[in-house]
Amino acid sequence: MATARSRSTRFHSWGPDEMDRSTTTTPTHADEFGSLTFTGDVMLKRLPADVFDKLRQTVRKGRPLDPGIANTVAMAMKEWASEHGATHYCHWFQPLTGATAEKHDAFLNPDGNDGAVSTISGEELILGEPDASSFPSGGIRDTYEARGYTAWDATSPAFILKNSDGLGATLCIPSVFVSYHGEALDKKTPLLRSIQAVNEQAMRILRIFGTDRGVSTVVTTLGSEQEYFLIDEGFFYDRPDLVTTGRTLFGAKPPRGQELEDHYFGSIPDRILDFMNDLEQELYKVGVPVKTRHNEVAPSQFEMAPLYEEANIAADHQQLSMTLMRRVARKYGLVCL
């Protein structure tokens, strides 16, 4: 049995490499939070002061974006994304399909001298033109009128999505999706219009009561719980209703509810807890402030709840959360519904 003296002697005989390994710490969630988002702190470090101030006026006060700063912001965003392994960018938008959509473009462009450079222009940052013919339009136009436009939403931070194999990444630029005449073809445009309308009417009420002094904007916040099911892949593919619709259309009730050890707020199964830990790590990197997790009422049902954020960002984070939940679930042989 080792004595206190012998243990102390071994400690002091460690070489430099061993000492370094003994004091190495792994990054915490706080260290990684927002590490893959183009946030205000990142912009402050990478943008000239005047450009940063103009962009902040757009983000915080909803003022029109100055096109003159677009090229500078685009290059700063590209350089930051490239440092994180991104080779492509996309306008990330939310058509009327219940999911997100994206069209990837490479940073690579010919330089005119038989070579290539990595770049993105201000025009490419602000505006995109994806094919809109395959997306629901709410009956506002014929489907053969394929033209649709994406436009950068500067009030929601750009972020990087890593490939599932970790070998590549894409810069995602949150965007609205509209028709040639400005009709909304997505869910973000009506939300932004609603936020603006609430702000205008709230400010009107404050002025009526004389309580608007020092108030320039009324911010709408949101904190949506995300309830979901995790089904083993083997069981999932045995159920045509789950595969086709993502929900139960037939079948019997479970033999019992959650009256026993797997009740609401009961201990989370190890496999599910591993999934949750992995998911939270990915969500923290893209700035999603996940706070709470627990079993839900139904068998195989669980819940995740974030902190409140500005409504537009919170809505984007909900869409992003669902994407990452489905992706991470596959790593554990599960399907997220």
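First, the ground rules. Residues are numbered from 1 along each chain as its sequence is written, and side-chain values use heavy atoms, without hydrogens and water. In this predicted model, local features need pLDDT of at least 70 and side-chain atom pairs count only at pLDDT 80 or more, while totals for chains, interfaces and linings use all residues.

Let's start with the rings. A pair of aromatic rings is described by the distance of the centres and the angle of the planes. Here, rings of Phe, Tyr and Trp (its six-membered ring) pair if their centres lie within 6.5 Å; planes under 30 degrees apart are stacked, over 60 edge-to-face, and the rest tilted. How many aromatic pairs does a search of the whole structure find? Eight.

Take Phe33 and Tyr284. Their centres are 6.2 Å apart, with 55 degrees between the planes, and the pair is tilted. Phe33 sits in the loop between helix H3 (29–32) and helix H4 (40–46), and Tyr284 in helix H11 (residues 270–285), so the pair ties together parts 251 residues apart in sequence. Helices are DSSP runs of H or I, at least four residues; strands are E runs of at least two; both are numbered from the N terminus. Phe33 is partly exposed, at 39% relative accessible area. Tyr284 is buried, at 13%. The cut-offs: buried is under 20% relative accessible area, exposed over 50%, partly exposed in between, using a 1.4 Å probe and protein chains only.

Next, Tyr228 and Phe302. Their ring centres are 6.1 Å apart and their planes at 40 degrees, so this pair is tilted. Tyr228 is in strand E10 (residues 226–232) and Phe302 in strand E12, 74 residues apart. Both are buried. Ring pairs also link Tyr228, Phe275 and Phe302 into a cluster.

Stay in strand E12 (residues 301–306), which holds Glu303. Glu303 touches Tyr228, among others including Thr292 and His294, leaving aside residues up to four places away in sequence. Contact means heavy atoms within 4.5 Å.

Last, helix H6 (residues 70–83). Its buried residues include Val73, Met77 and Trp80. Just after H6, Gly85 takes a positive phi of about 90 degrees.
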